[in-house]
Amino acid sequence: MAIAYQQQELHIEQLAASSLLQRYGSPCYVYSKQQFLANFHAFEQAATGLDALICFAVKANSNLAVLSLLGKAGAGADVVSGGELRRALAAGIPAERIVYSGVGKNSADMQLALNAGILQFNVESVPELERLSRVATECGKVAAVAVRVNPDVDAGTHEKIATGKAENKFGIAWQQVDEVYALAARLPGISIQGVDMHIGSQITSLTPYRTAFERMLELVQRLQAMGHPIQTIDIGGGLGVLYPDTKQAVSIADYMALVREVFANSQCRLIMEPGRSLAANTGVLLCQVEYIKQGPQKRFLILDAAMNDLLRPAMYGAVHDVWPVRQVPERELVRYDVVGPVCETGDTFSLGQLLPELHAGEAVALGQAGAYGAVMASFYNTRAITPEVLVSGNQSALIRRRIEVDDQLNWDQLPDF
Ligand SMILES: Cc1ncc(COP(=O)(O)O)c(C=O)c1O
Ligand SMILES: N[C@@H](CCCC[NH3+])C(=O)O
């Protein structure tokens with residue numbers, strides 16, 4: 001079922017926004033606890049009755065307060081580096097709920113994961129498998145492994161985030177899978193546990209998922225018939241969300257209904273790695289208008305947020321909501337090119353955006369910023385790293401009265417990342 005685009009249900013009151021900006025500085029990422037929990041519960045509820053573990057893809061948002069919130073709610077974590085693993089562990093996510101993906105795992109990070117006792121390594125190549133076996137043997141451990149299989153499916157997504165086609169660097173090619181499992185079975189430091197796939201990100205149709213899932217189920221049955229003890233099927237993440245330019249999206253409920261239809265009788269434990277669908281609509285990037293610049297042809301809204309804070313528009317031509325925090329109905333509508341202060345023409349959030357007339361110093365929110373926002377920030381132009389705040393309260397109540405950083409964590413005892 002296609003669902004229509006609606007502006008993100010995250011309203012920010014002028015008063016609260018300016019308190020936040022005053023307290024934490026501008027620009028500043030603001031996340032909603034309630035929205036994170038609502039998204040996680042939507043997955044959980046749709047998975048009722050299935051043996052399923054939802055491992056949040058930490059790459060989407062690695063904020064410690066966010067990880068701690070999701071961990072307490074029962075989520076596991078999908079990590080792709082030693083840094084992400086340390087963060088997940090520091091936030092209290094138990095190692096037995098952590099899977100480790102990625103094409104370039106180094107020996108030190110493998111060792112860290114083995115000593116922590118993680119649930120599963122998702123292995124992407126023969127040399128990685130051989131290295132993992134060697135490192136595990138040296139540590140006196142056996143690594144629980146799923147081979148990431150590349151099901152050669154076009155997920156119809158942006159070329160920079162497609163991962164499931166034969167030409168992509170990810171996973172083991174379909175025709176090599178049998179020999180890789182045969183090798184895994186011979187290696188002393190490896191224990192075969194499952195299969196893994198991830199075909200891309202921001203996928204807005206169920207069709208590629210159906211094709212990939214059916215291929216994976218067939219593969220599981222074939223590997224089991226060969227005697228491999230496949231007990232887990234990791235189906236990755238990738239579920240798309242609504243951005244202003246998304247023409248259709250798939251609901252969590254419909255996605256999970258497909259998962260159930262294909263895998264319910266597999267007798268395997270299902271692992272999912274959603275990132276964006278858990279995080280995108282939980283956050284905004286709050287910022288302020290620095291200047292209004294009137295050119296001969298265009299009017300520029302120059303924000304104090306830039307591509308180093310939110311890279312997606314510059315990197316993928318991605319579109320995010322832009323809206324003034326204070327809604328003044330009588331203001332005239334004006335077209336702006338919404339840009340940041342960085343010395344790149346690509347530092348543009350939106351072209352010809354119709355907005356109520358704005359003035360320097362007023363607060364603006366950039367939407368859908370809870371996923372792949374702060375995690376992709378950089379120091380470019382020697383700008384400061386953007387603060388992140390997780391607040392309580394929901395929807396319109398958000399931020400209005402309760403400005404509350406997650407106080408469950410002891411920040412002094414957390415490692416510095
Ligand atoms: C291996 C793996 N798992 C999970 C994810 C999360 O994807 P998404 O944020 O699209 O759900 C990604 C990113 O695409 C990934 O590479
Ligand atoms: N960073 C990307 C998604 C990549 C997903 C990681 N495999 C984005 O912002 O959309």
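This is a predicted model: local features need pLDDT of at least 70, side-chain atom pairs count only at pLDDT 80 or more; totals for chains, interfaces and linings use all residues.
Residues are numbered from 1 along each chain as its sequence is written, while chains are lettered from A and ligands numbered from 1 in the order in which they are written.

Let's start with the helices. Two packed helices are described by the angle between their axes and the distance between the axes. Here an axis is a line fitted to C-alpha atoms, for helices over the stretch in contact, and angles run from 0 to 180 degrees between N-to-C directions. Helices (H or I, at least four residues) and strands (E, at least two) are DSSP runs, numbered from the N terminus.

Take helix 2, residues 33-46, and look at its packing with helix 9, residues 252-263: the angle is about 30° and the axes are 9 Å apart. Helix 2 and helix 9 are therefore roughly parallel to each other (angles under 35 degrees count as roughly parallel, over 145 as roughly antiparallel, 65 to 115 as roughly perpendicular and the rest as oblique). Their crossing is right-handed, a label used if the near helix is turned clockwise from the far one by less than a right angle, with left-handed for anticlockwise. Helix 2 brings A42, F43 and A46 to the contact, and helix 9 brings I252, A253 and M256; residues are in contact if their C-beta atoms, placed from the backbone, lie within 7 Å. By class, that makes six nonpolar, no polar and no charged residues. For these classes, Ala, Val, Leu, Ile, Met, Phe, Trp, Tyr, Cys and Pro count as nonpolar, Asp, Glu, Lys and Arg as charged, and the others, Gly among them, as polar.

Helix 2 also packs with helix 3 (residues 64-73), at about 40° and with axes 10 Å apart. Helix 2 and helix 3 are therefore oblique to each other, and this crossing is right-handed too. K33, F36, L37 and F40 of helix 2 meet V66, L69, L70 and A73 of helix 3, giving seven nonpolar, no polar and one charged residue.

Now for helix 4 (residues 82-90) and helix 5 (residues 107-116), whose axes come within 9 Å and cross at roughly 25°. Helix 4 and helix 5 are therefore roughly parallel to each other, with a left-handed crossing. G82, L85 and L89 of helix 4 touch A108, D109, L112, A113 and A116 of helix 5, a set with six nonpolar, one polar and one charged residues.

On to ligand 1. It is surrounded by 16 residues, the closest being A57, S201, G237, G275 and R276 (a residue counts if its C-beta atom, placed from the backbone, lies within 6 Å). The shell has four nonpolar, nine polar and three charged residues.

R276, which lies in helix 10 (residues 276-279), turns up again in UniProt, where an unreviewed entry lists R276, R312, Y316, E344 and Y372 for "binding site". They span 97 residues in sequence and the farthest two C-alpha atoms are 26.8 Å apart, so they do not all gather at one spot. UniProt positions are given in the numbering used here, feature names are shortened, and annotations may be inferred rather than shown by experiment.

Y372 has a backbone detail of its own: its phi is near 55°, a positive value in a residue other than glycine. Y372 lies in the loop between strand 16 (363-366) and strand 17 (388-391). Elsewhere, the peptide bond from S26 to P27 is cis, with omega near 0°, and P27 lies in the loop between helix 1 (14-24) and strand 1 (28-32).

Technical notes: Two residues are in contact if their C-beta atoms, placed from the backbone, lie within 7 Å.
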